[in-house]
Amino acid sequence: MNEEFRMKNSESGDPAPSEFFIRNSSFRFLYAGVLVALALEVALFYALTRALS
Amino acid sequence: MSSIDWFVLIATLLAIVAYGLWKGRRQQRLEQYLLADRQLRWYTIALSVMATQASAITFLSTPGQAYTDGMRFVQFYLGLPIAMVILSITAVPIYHRLRVFTAYEYLETRFGPRTRTLTALLFLVQRGLSTAITLYAPALIVSLVLGWNAQLTTLVIGALVILYTTTGGTKAVSWTQTHQLLIALAGMATALVIAIHSLPPRVGLVDAVRVAGTMGRINVIDFHFDVTTPYNFWSGLFGGLMVALAYFGTDQSQVQRYLTGASVTQSRLGLLVNALVKVPMQFFILFVGAMVFVFYQFVAPPVFFNPVQRAKVLQSAYGVEFRALETTHATTFDAKRAAATQLVDAMRARDANAIARMRTQLRTLQQRDDDTRRAAATLIRKNDRTADAADTDYVFLTFIMQNLPRGVVGLLLAAIFCAAMSATASGLNSLASSSVVDIWRRHTAREQSDHRCVIVSKWMTVAWGVFCILFALYANQLGSLIVAVNKIGSYFYGTMLAIFLLAFYAKRVGATAAFWGAIFAEAAVVLCSIFTNMAWLWWNVVGCVAGIAAALFIEMLLPAQNPIEALP
């Protein structure tokens, strides 16, 4: 295995996603905001489709 | 095209190239050249990510999709915001921490060089082909409407992109993309305003939307589950999620955009802005197409939008038959225009009976017109077996050239060329990165100096540019362009995503299981595409699920070992 990568890996620790999970609370709001915006878009698009078809 | 249009077009393109050359000067180190020294802010990343995905094909073909098929194509993007959130949580911090140059570099830490090379090669094949098609789109424009030599146009646009991409690397690509996207969106907004203003005086925006809805063009959401139809809510949510996860998480042309972020936060913000803006942006582009459709209810459209094929069939043995179809089309158009005008009047008068009557009449007439258009396409195909029977890509162009005022035509053409250049540039940039970092440096020249790597990267950019230009010259047999690009990606994205998901989440799965799982997944996708009528968005789901399942199964059969230690 490439030593360069072993080194990077050992320096940065286990790259498992659990280690990097959301710690910053402002990002939690952003993630939730994105999903809420998507849900609102779908609802709006569906209403448009129903109203205009 | 008038001289003012020429001036706007040439000035815009030269300004973009000059800006790219200026922004990308003095690139000495590989990290500078390939990752803009990891110094970019979230707004540049967001615009760059969006510009990479929004090629000329997006601006040419998408309005045509709305014209022929309605706005349901927007559902393809419903999985994208969810994918952005998932990638912001998982992939972005991992890539940043490992300070990788390419997504495939990360895979070596999990599955060894064999899987890294396999995924890099899959990427190079599909991105190479997609970038070539991206380059072909503007050539299509000019060969159609201006009578230019399409091959020469491909060469000129390709050469301009190669010039600033090779010289300035990722920094030049990302900064020019921000301006190119804004120019493209400004062009679309101008086209929308002109389309609405060109409607008869008594038809306003609300009336236009109602007419479009009546004729099935505002069919944005369809909850009906059917694996054989490409665009419904479920295929968009699940298939689209897989495509977006694979495209933004494993395709180097996108990963490279957010690897340039100054921090994890900057990269995440870039992706999340994309999550918020992408669906409304696609809705807007499709809405332009829907309004062009309404415009053509009051101004006679051609029966077939590709003028070259129309001219060919008129001169052939099918000419008389085609003329008869044109007469039928013109008669139907007159009836449709009268019915649409009466529908608008009835809606203004709030006359429910008249509205219902006119709606039924309009739908019947539209059905008749669709049949006439299908018959025209069949004749064109009979006359020339190599001809594309779909005219989706020509609708918006025809509208631009025949109906927009002087100066605005130049702006729209500049917008389309800008979009083509931006997507091509990031394609070439990422192809060069992966070729150098994952293939050349990894397998043949590990101890090369940074400066030599930069020089090889520049030559690799030129080489991929030449490949794309050559392939673009043969890309006119692939049907609707936007579908072609996404179809090529869907052959590979499921497999790529499976490998990355295994790398992120299945810590017990080792290199051998991941490699053979990927081979199995690719075979499953190819078999699905040949032997079933499954819509192509679902190939991504098949590839991903088959790859993960096969790898887990193979891992169970293998003797227990530590996957990291087992690497060669």
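# A chat about chains A and B

Visitor: Which helix is B:Ala335 found in?
Guide: B:Ala335 sits in helix α14 of chain B. A helix here is a DSSP run of H or I with at least four residues, a strand is a run of E with at least two, and both are numbered from the N terminus.

Visitor: Before we go on, what kind of model is this?
Guide: This is a predicted model, where local features need pLDDT of at least 70 and side-chain atom pairs count only at pLDDT 80 or more, while totals for chains, interfaces and linings use all residues. Residues are numbered from 1 along each chain as its sequence is written, chains are lettered from A and ligands numbered from 1 in the order in which they are written, and side-chain values use heavy atoms, with hydrogens and water left out.

Visitor: How are B:Ala335 and B:Gly270 separated?
Guide: They are 65 residues apart along the chain, and 50 Å lies between their C-alpha atoms.

Visitor: What about confidence, chain by chain? What is the mean pLDDT of chain B?
Guide: Chain B has a mean pLDDT of 88, with 95% of its residues at 70 or more. pLDDT is the predictor's confidence in each residue, from 0 to 100. Chain A averages 69, and 53% of its residues score at least 70. The model scores ipTM 0.82 and pTM 0.86.

Visitor: Where does pLDDT stay under 50 in chain A?
Guide: Over residues 1-22, for which the model has 44 contacts beyond four places in sequence. Contact means heavy atoms within 4.5 Å. In chain B, pLDDT stays under 50 over residues 563-568, where the model has 18 such contacts. Where pLDDT is low, predicted coordinates should not be read in detail.

Visitor: Good to know. Now helix packing: how do α8(B) and α12(B) cross?
Guide: Helix α8 (residues 150-197) of chain B and α12(B) have axes that come within 9 Å and cross at roughly 30°. That makes α8(B) roughly parallel to α12(B). The axes are lines fitted to C-alpha atoms, for helices over the stretch in contact, and angles run from 0 to 180 degrees between N-to-C directions. Angles under 35 degrees count as roughly parallel, over 145 as roughly antiparallel, 65 to 115 as roughly perpendicular, and the rest as oblique.

Visitor: Which residues meet there?
Guide: Among them are B:Leu185, B:Met188 and B:Leu192 in α8(B), and B:Phe284, B:Val288 and B:Met291 in α12(B).

Visitor: How many residues of helix α11 of chain B are buried?
Guide: 8 of the 8 residues of α11 (residues 252-259) are, so α11(B) is largely enclosed by the rest of the structure. B:Arg257 and B:Tyr258 are among those buried.

Visitor: Switching to B:Gly517: what is in contact with it?
Guide: Beyond neighbours within four places in sequence, B:Gly517 is in contact with B:Gly547, B:Ala550, B:Ala551 and B:Ile554. B:Gly517 is in helix α20 (residues 511-531) of chain B and counts as buried at 0% relative accessibility.

Visitor: Last one, backbone. What is the phi of B:Arg350?
Guide: It is positive, about 55°, although B:Arg350 is not a glycine. Most residues other than glycine have a negative phi. B:Arg350 lies in the loop between α14 (319-349) and α15 (352-383) of chain B, and is exposed at 75% relative accessible area. B:Asp37 is another non-glycine with a positive phi, about 60°, placed in the loop between α2 (30-35) and α3 (42-53) of chain B.

Conventions
Buried means under 20% relative accessible area, exposed over 50%, partly exposed in between (1.4 Å probe, protein chains only).
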